[in-house]
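Please look over the sequence and the model, then read the points by topic.

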Amino acid sequence: LEAILTRGTCMKIATVSLAIAGLLISSGAMAGPEATITGISDYDFRGVSQSGDDPALQVDANVSGETGWYVGLWGSNVDFDNCCDEDFELDWYAGFTAGETVEWDFGVVYYSYPGASDDLNYTEVFLGGTYAGADDKWDFGIKQWYSWEWFGYDDYGYYTEANFNYTLPWWEIGVTAHYGYTWGDGPDDNSADSGLEEYSDYWIGLNRSFGPIDTEIRWVDTDLDDEFEVDSGVGRNDDRFIFSISTTFPWE
């Protein structure tokens, strides 16, 4: 896999994604397509701001198949203090889900930054499982991510996460909680340049839907401190509230 997914990964994943989408459409086994538009007060990725502590507009377009396959493209504006002429992030992804009581999810994501240095681009693969409660009021999931070019560096990195969702018995309010841990040679060997080390991130949030409009507020934080803590602007990683509003098309 590492030999295949090298610097030509963007084109390869795009080609594979389009091929799978074509097969789904031609076979009539497609559920979708769907598109989600999100406005968010800060693009947070694993506890670290990717938009310079400023708002972001994000779009996710995908198609999925009745057999569990899905492919998509996700995009957002970014701000790394113009380190590499970056303005946008485009993530190509493809994966497969299966299972009932426990839903398994396996896939690959290619993070790309059109117009910026190729050194920013990298690939991750993931495997996760989610267990849903019998009453569909709650679920708990864990997911493991792996990259052999962590954040564009020539080192491997891991991200392990756990997520919990629960729907309160009143007002259709959802409660979400997350814990993640970034580790491996990537954060260990490149901390002076990346501004990150092995660290934990976590958040807790509330969400509610109003017809086709979904809203959420989260409190986000990390355990980064000393020289790695950033309390404002580019790369912010201290505690803060983040608000988002989104809608998914087509509306029911």
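Helices (H or I, at least four residues) and strands (E, at least two) are DSSP runs, numbered from the N terminus. The chain has three helices and 14 strands. The model is predicted, and local features need pLDDT of at least 70, side-chain atom pairs count only at pLDDT 80 or more, and totals for chains, interfaces and linings use all residues. Residues are numbered from 1 along each chain as its sequence is written, and side-chain values use heavy atoms, with hydrogens and water left out.

**The chain as a whole**

- Of the 252 residues in the chain, 43% are buried; buried means under 20% relative accessible area, exposed over 50%, and partly exposed in between (1.4 Å probe, protein chains only).
- Contact means heavy atoms within 4.5 Å. Among contacts in the chain between residues at least 6 apart in sequence, 49% join residues at least 24 apart.
- The chain exposes about 13300 Å², with 60% of that supplied by carbon and sulfur atoms. Accessible areas come from the Shrake-Rupley method with a 1.4 Å probe, and for residues only the protein chains shown count as cover.

**Nonpolar cores**

- A nonpolar core is a set of buried Ala, Val, Leu, Ile, Met, Phe, Trp, Tyr and Cys residues joined through side-chain atoms within 4.5 Å.
- In soluble globular proteins, nonpolar side chains tend to be buried together.
- The largest nonpolar core holds 21 residues, of which Y43, V109, Y111, Y113 and W145 touch the most other members. The elements that give two or more residues to this core are β5 (69-77), β7 (102-112) and β8 (122-132).
- Leaving aside neighbours within four places in sequence, Y111 is in contact with F45, R46, E89, L90, D91, N121, Y122, E124 and W145.
- A second, separate core has seven residues, including V48, Y153, L224 and F228.

**The second largest pocket**

- On a 1 Å grid over the protein atoms alone, a pocket is an open set of points where a 1.4 Å probe fits, with protein on both sides within 12 Å along at least five of seven lines; lining residues have an atom within 4 Å of a point.
- The second largest pocket has a volume of about 670 Å³, where volume is the space filled by probe spheres set on the grid points, which are joined across faces, edges and corners.
- Its lining has 28 residues, and F80, F151, Y153, D193 and S194 lie nearest the centre of the pocket. The elements that give two or more residues to the lining are β3 (48-49) and α3 (191-194).
- The lining residues of this pocket divide into 16 nonpolar, eight polar and four charged. Here Ala, Val, Leu, Ile, Met, Phe, Trp, Tyr, Cys and Pro count as nonpolar, Asp, Glu, Lys and Arg as charged, and the others, Gly among them, as polar.

- F45 lies in strand β2 (residues 44-45) and counts as buried because its relative accessibility is 16%. Not counting residues up to four places away in sequence, F45 touches Q50, Y111, Y122 and F151. F45 and G235 are 190 residues apart in sequence, and their C-alpha atoms are 9.8 Å apart in space.
- Q50 lies in the loop between β3 and β4 (56-65) and is buried, with a relative accessible area of 8%. Not counting residues up to four places away in sequence, Q50 touches Y43, F45, V78, D79 and F80. From C-alpha to C-alpha, Q50 and S76 are 9.3 Å apart in space, and they are 26 residues apart in sequence.
- F228 lies in the loop between β13 and β14 and is buried, with a relative accessible area of 10%. Not counting residues up to four places away in sequence, F228 touches S191, G195, L196, E197 and N237. F228 and S194 are 34 residues apart in sequence and 9.6 Å apart in space, C-alpha to C-alpha.

**Backbone points**

- W171 is not a glycine, yet has a positive phi of about 60°. W171 lies in the loop between β10 (157-167) and β11 (174-183) and is exposed, with a relative accessible area of 61%.
- D226, also not a glycine, has a positive phi of about 55°. D226 is found in the loop between β13 (213-222) and β14 and counts as exposed at 63% relative accessibility.
- The peptide bond from F249 to P250 is cis, with omega near 0°. P250 is in the segment after β14 (240-249).
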